[in-house]
Amino acid sequence: MIETLIFPCLQDNFGLLIHNSKENKTLSIDAPEAAAIEKALIQKGWQLDEILITHHHFDHVAGAAALKEKMGCKITAPKKTKLAIADVELEGDEEIIACGIKFQAIPTPGHTLDQIAYYAPEEKILAAADALFSLGCGRMFEGTAAEFWDSLNRLSQLPDDIMLYCGHEYTQANARFALHVDPNNIALQRRSQEVEQLRKLNKHTLPISLGLEKQTNPFLRVSDPAIRAKLNLPVASNEEVFAALRALKDKF
Ligand SMILES: [Zn+2]
């Protein structure tokens, strides 16, 4: 039996704990803030056994050293992250077992070059960190549009019924941009209204099914004729439409 817990860390990061009750083991996706993660563990009565790091940004690794020192947890990180305290380094495309749970390490460069998404097919969990957000995607700090589009395209091939977990609560702002470029999308209008309600109640907008993201997230819908018409790019490649969307979002 797998239980997940998400909770706020730092300003707008998500902490994500995944607990395997069969083995009584718990892992954390990233380590944004040691104190918040420790508090969540205490509330659930869980101990931290492993941390899976997604990329090198400070708000994803800041708590790793303190948690390792205090709890002796094993740390797995992308090799390109160059995290000195990592016990295991991943190239990407490996299958790993963490806390008894099978994960595929999917390289998702674009936001950063080192980023890896962790996908647990049997548990239907995708931890995409800052590659894919609900109704958006990460800023393109290090990769090219071609790399980023390949990463998102790869994630969008995963099944509709998996649940997407992200590194930040950015959905409300993303929804405004998504509606700007895809105003007549009924599924998006509905999701946007739900997001408004959830945020009003101070509730999380995640996790969300990847199937709904495929219907509503403009960065996964670059082949959609309405979005292409809005961008004036009816016959461009998917990669070009992605690049135009990402640039437009940066200015939005
Ligand atoms: Zn980041």
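What covers the buried residues of helix 9? In this predicted model, the covering elements include strand 12 (136-137), helix 4 (145-156), helix 5 (171-181) and helix 8 (225-230). Helix 9 itself comprises residues 238-251, 14 residues in total. From its first C-alpha to its last it reaches 20 Å, close to the 20 Å expected at 1.5 Å a residue. The buried residues of helix 9 are Val241, Phe242, Leu245, Arg246 and Lys249. They lie on the same side of helix 9, because they cover an arc of only 135° around the axis. An α-helix has 3.6 residues a turn, so residues three or four places apart point the same way.

Phe242 also belongs to the largest nonpolar core, which has 51 residues. Phe242 is listed there among the residues with the most contacts inside this core, together with Leu27, Phe103, Tyr118, Leu126 and Leu152. A second, separate core contains 21 residues, including Leu17, Leu41, Ala64 and Leu83.

The model also holds a zinc ion, coordinated at 2.2 to 2.3 Å by His55 (NE2), His57 (ND1), His111 (NE2) and Asp130 (OD). The angles among the four donor atoms run from 88 to 167°, and the site is irregular. Along the sequence, the spacing of the donor residues is H-x1-H-x53-H-x18-D. Distant parts of the chain are linked by the pair His55 and Asp130, which stand 75 residues apart. His55 is located in the loop between strand 4 (48-52) and helix 2 (58-61), whereas Asp130 is located in the loop between strand 10 (125-129) and strand 11 (132-133). Both His55 and Asp130 are buried.

Terms used: Residues are numbered from 1 along each chain as its sequence is written. This is a predicted model: local features need pLDDT of at least 70, side-chain atom pairs count only at pLDDT 80 or more; totals for chains, interfaces and linings use all residues. Side-chain values use heavy atoms; hydrogens and water are left out. Helices (H or I, at least four residues) and strands (E, at least two) are DSSP runs, numbered from the N terminus. The expected span of a helix is 1.5 Å times one less than its number of residues. Buried means under 20% relative accessible area, exposed over 50%, partly exposed in between (1.4 Å probe, protein chains only). The arc is that of the directions from the helix axis to the C-beta atoms. Contact means heavy atoms within 4.5 Å. Donors are N, O and S atoms within 2.8 Å of the metal (3.2 Å for Na, K and Ca); water is not among the atoms, so sites may look incomplete. Four donors count as tetrahedral if all angles lie between 85 and 135 degrees; four count as square planar and six as octahedral if opposite donors are over 155 degrees apart and all others between 65 and 115; anything else is irregular. A nonpolar core is a set of buried Ala, Val, Leu, Ile, Met, Phe, Trp, Tyr and Cys residues joined through side-chain atoms within 4.5 Å.
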